[in-house]
Amino acid sequence: MDTRNLEKTAIKIQSWWRGNMVRRTLLHAALRAWVIQCWWRSMQAKMLEQRRRLALRLYTCQEWAVVKVQAQVRMWQARRRFLQARQAACIIQSHWRWHASQTRGLIRGHYEVRASRLELDIEILMT
């Protein structure tokens, strides 16, 4: 064989080897980039899930706070209505008792305290 043919053959083998090595290096780099991208996407998904849970927890706390405030206001309103009704009932009862005492009769009397005993004289008039 000729040296020139040998050189061409050596150059072809070297270029084939270099091409394989470059393709292999590029494949390894692509695989590493793919692994990094997969890791980054999983981290983004985790962070998004954490933010979603935090937002949900905050929303739940706000909703419970609103419910508690509404319950307090309703309780205050119900208590106020109850107290008004109780006061109205007391007024009605006192007026009724006064009216009943006026229509049933009059109680008149006088008393004297003497040294050892109490003398009581009561007169009930029915009208």
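This is a predicted model: local features need pLDDT of at least 70, side-chain atom pairs count only at pLDDT 80 or more; totals for chains, interfaces and linings use all residues.

Reader: How many salt bridges does the structure hold?

Author: The structure holds 2 salt bridges.

Reader: Which residue pairs with Arg52, and how far apart are the closest N and O atoms?

Author: Arg52 forms a salt bridge with Glu49, and their closest N and O atoms are 2.6 Å apart.

Reader: Where do Arg52 and Glu49 lie?

Author: Both lie in helix H1, which covers residues 3-104, and the two are 3 residues apart, about one turn of the helix.

Reader: What about Arg53, which residue does its side chain meet?

Author: The side chain of Arg53 meets that of Glu49 in a salt bridge, with 3.1 Å from N to O. Arg53 and Glu49 also both lie in helix H1, here 4 residues apart, which is again about one turn of the helix.

Reader: Changing topic to the surface: is Arg53 buried or exposed?

Author: Arg53 counts as exposed because its relative accessible area is 51%, and the cut-off for that class is over 50%.

Reader: And why are Arg52 and Glu49 classed as partly exposed?

Author: Arg52 is partly exposed because its relative accessibility is 46%, and Glu49 is placed there because its relative accessible area is 30%; the class spans the range between the buried cut-off of under 20% and the exposed one of over 50%.

Note on methods
Residues are numbered from 1 along each chain as its sequence is written. Side-chain values use heavy atoms; hydrogens and water are left out. A salt bridge is a side-chain nitrogen of Lys or Arg within 4 Å of a carboxyl oxygen of Asp or Glu. Buried means under 20% relative accessible area, exposed over 50%, partly exposed in between (1.4 Å probe, protein chains only).
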